[in-house]
Amino acid sequence: MSVTPETAPAPAGGAGGGPLLAVENLRVGFATEDGRVQAVDGVNFTLEPGEVLAIVGESGSGKSVTAQTLIGLTRSPNSHIEGSVRLSGEELTTKSERELQKVRGSKIAMIFQDPMTSMNPVYTVGKQIIEAIRAHDSSVNRRDARGQAVELLGAVGIPDPERRVNDYPHEFSGGMRQRAMIAMGLALEPSVLIADEPTTALDVTIQAQILHLIQDLNRSRGLATILITHDLGVVAEVADRVLVMYGGKVVEQGTLDDIFYDPQHPYTWGLLGSLTRLDQPRPHRLPQISGAPPSLLNLPKGCAFRPRCPHEFGKCSEVPSLAAHLLEDPKHLDRCWLDAEKKRQLRQVEPNRIGLEEPV
Amino acid sequence: MLRFAVRRLIGAIAVLFAISVLVFLIFNVVPATNPAARIAGKNATPQLIKNVEEEWGFNKSLPEQYWTQMKLIFTGKATSYSLAHINIDQRILEGIPQTASLCIGAAIIWLAFGIFFGYISAIRAGGFVDRFVTVIALIGISMPVFWLASIFLYYLTYKVELFPASGYVSLSNPAEWAKHLILPWVCLAVLFAGFYSRVLRSSMLDVMNEDYVRTARAKGLSQRRVMVRHVLRNSLIPIVTLFGLDFGVLIGGGAIVTESLFQIEGVGYFTAEALNQQDFPSIMAVTIFGAFFIVLFNTIVDIAYAYLDPRIRLGTSAA
């Protein structure tokens, strides 16, 4: 349970060496009966302690696969993983399953989308937390582990944790189960928390509570967080930096402000345009991005977003690379052939409103 | 928990009552011939038939007949006229140790092998071990008990005198007891072991896709712990269901072929005798006896569910 020097909060890009988590050119493919599915195609990012990185995209954009691959959960005989994932400089993709088990839970914890089904129904909540603790340190006896479990449940805001620790998951509400999942994730004081759509299955007030809990933990413990979501409202609430994914590729990458106030990729405009804005008059119908996400078995030639993009032109039949197109902001990357000035005009579908097309 | 068990038990008693009525109707009301004559046997004198009619209440109304006959069977006063005037209940009671020895031993073997093969087959799904086990299981399922028993008897007791040919030795001599029972145990267990391994394999493969299994892996648990504590534990419900039914049938006298071929004079052996002689009182008693065990083990299974899945324990209102 000790905090090793390299996982302690350090200033970004400081003297401590590289970033806490560095993902380079990560590619994940699955062999299926219909051919190879390239679920993730060349993802790069870094994560510093205390930072919240959001990965946004529609279903099938590769965001969950990216996250699960970080701790090797997508390893299987039919998967093919390339690229590099380094935690505090240590390469994870080449580790054996047994070595990775030591990383999972203790250094990188993960919580999942549906708290209803993510806990084993036949064991008490306490038992499942104790199991996580003792899996990594068998010298902790049951009584101490139970004490820790009670403490953790209290820390994530479960009332009367001394009693609730003996409850089964079905005796918890959805929000409490997600809190318990977070408690389980925090049990070994990991340096990275991966939250895969942690609020999708919850109602709105509970969503806000869970997000604030994650944000608090992120600040108070310097916990680096990867937040996977399709909900830009959630992103706006907690993220520092944002990765927008489409068809297995990152299409735009920047700070929260970059993405919300100066979005460069038409797909990002579409996502922003389809948000309900409470601070602006409502159009008759909420805009949508027409069409459906592409099949990963058969991606369109050139830019993957081309068939759904109203601003498509000749150049789009070539694959654009992820690059900085703004001189003043070299860390804001996007994957679009349009010229920066042109983009500023096109995305302004209404005064004060960014979108893909004019709302109907 | 207690309320749950009590309600299940009351249900079980109701089911048993219904079965006894049904058995009574099938054996006494539906056939067109004189039931007393059938009970009295082939060479019965008119006087004997008259006595039987008196004893089994055939000269009274149907509810009274039912009452008289159940009283005979349940108080242990029913006599078989076709089978050397034995007391039916006493014959069944004498058969219980032999049937129980056979069934409990076989059950231990088939559960151990069924779960072991199902488990290794599931964790190596698609691989060589899985295919090998699948073939073995299918061979086991496909071998009829009478054929396997005949092969065993011919090769292992006659050609090579490895085991005693037949009979039963009481548990007071454990070595001989086991020696006499090994072949019948294996014969009875082979089919079930094969079948259970297939059921467990598919149940485990289903559970492996559950979200909580992914959570368990994400916690950093070892592969073995994930498989045993999370996957296997949650895959046992179909196995428990099957076991309750199968074991109830066998201990209630269902191992007719095995008991007959190996000369184990248990309940199943007696059932075969009763069927051969068409001795209706015996058949009726054995049927009710068998039904009792099936209902009993189903009740035990229901209670076991509550232990296996805590979500059921609280469902007392639904029980």
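Reader: OK, what's the average pLDDT of chain A?

Author: Chain A averages 87, and 94% of its residues score at least 70. The part to watch is residues 1-15 of chain A, where the pLDDT is below 50. That stretch has 14 contacts in the model beyond near neighbours in sequence. Where pLDDT is low, the predicted coordinates should not be read in detail.

Reader: Noted. How many helices and strands does chain A have?

Author: Eleven helices and 14 strands. The radius of gyration of chain A is 21 Å, close to the 21 Å that the globule rule gives for 360 residues, so chain A is as compact as a globular protein of that length.

Reader: And what box do the C-alpha atoms of chain A fill?

Author: Roughly 65 × 50 × 45 Å along the principal axes. Of the 360 residues in chain A, 45% count as buried. As for contacts in chain A between residues at least 6 apart in sequence, 64% join residues at least 24 apart.

Reader: Let's do strands. Which way do strand 1 and strand 2 of chain A run?

Author: They run antiparallel: strand 1 (residues 21-32) and strand 2 (residues 35-47) of chain A are joined by ten bridges. These two strands of chain A make a hairpin with two residues between them.

Reader: How many bridges pair strand 1 with strand 4 of chain A?

Author: Eight, again in the antiparallel sense, with strand 4 covering residues 79-87 of chain A. There, A:F30 stands opposite A:S79.

Reader: Switching to the interface. How many residues of chain A are in contact with chain B?

Author: 24 residues of chain A, touching 20 residues of chain B. Helix 2 (97-103) and helix 3 (125-136) of chain A are the elements that give two or more residues to that side. Helix 3 of chain A gives the largest share, four residues. By class, the side of chain A that touches chain B has eleven nonpolar, eight polar and five charged residues.

Reader: What about helix 9 of chain B, mostly covered or mostly open?

Author: Mostly covered, since six of the eight residues in helix 9 (residues 211-218) of chain B are buried. Among them are B:Y212, B:R214 and B:R217. The buried residues pack against strand 6 (108-111) of chain A together with helix 10 (223-254) of chain B. After helix 9 of chain B comes B:G220, with a positive phi near 90 degrees.

Reader: Now the core. Which residues have the most contacts inside the largest one?

Author: A:A54, A:I129, A:A183 and A:V244, in a nonpolar core of 164 residues. Helix 8 (residues 174-208) of chain B supplies the largest share of this core, 13 residues. Leaving out residues up to four places away in sequence, A:I129 touches A:A149, A:L152, A:A183, A:M184 and A:A187.

Reader: Last one: why does A:L232 count as buried?

Author: Because A:L232 has 20 other C-beta atoms within 10 Å, and the cut-off for buried is 20 or more. A:L232 is in helix 8 (residues 232-238) of chain A. Beyond its neighbours within four places in sequence, A:L232 is in contact with A:V56, A:L271, A:L272 and A:L275. The C-alpha atoms of A:L232 and A:I55 are separated by 9.9 Å, although these residues are 177 apart along the chain.

How values were computed. Residues are numbered from 1 along each chain as its sequence is written. Chains are lettered from A and ligands numbered from 1 in the order in which they are written. This is a predicted model: local features need pLDDT of at least 70, side-chain atom pairs count only at pLDDT 80 or more; totals for chains, interfaces and linings use all residues. pLDDT is the predictor's confidence in each residue, from 0 to 100. Two residues are in contact if their C-beta atoms, placed from the backbone, lie within 7 Å. Two strands pair if DSSP finds at least two bridges between them. Ala, Val, Leu, Ile, Met, Phe, Trp, Tyr, Cys and Pro count as nonpolar, Asp, Glu, Lys and Arg as charged, and the others, Gly among them, as polar. The radius of gyration is taken over C-alpha atoms; the globule rule is 2.2 Å times the number of residues to the power 0.38. A residue is buried if 20 or more other C-beta atoms lie within 10 Å of its own, exposed if 12 or fewer, and partly exposed in between; C-beta atoms are placed from the backbone. A nonpolar core is a set of buried Ala, Val, Leu, Ile, Met, Phe, Trp, Tyr and Cys residues joined through C-beta atoms within 7 Å.
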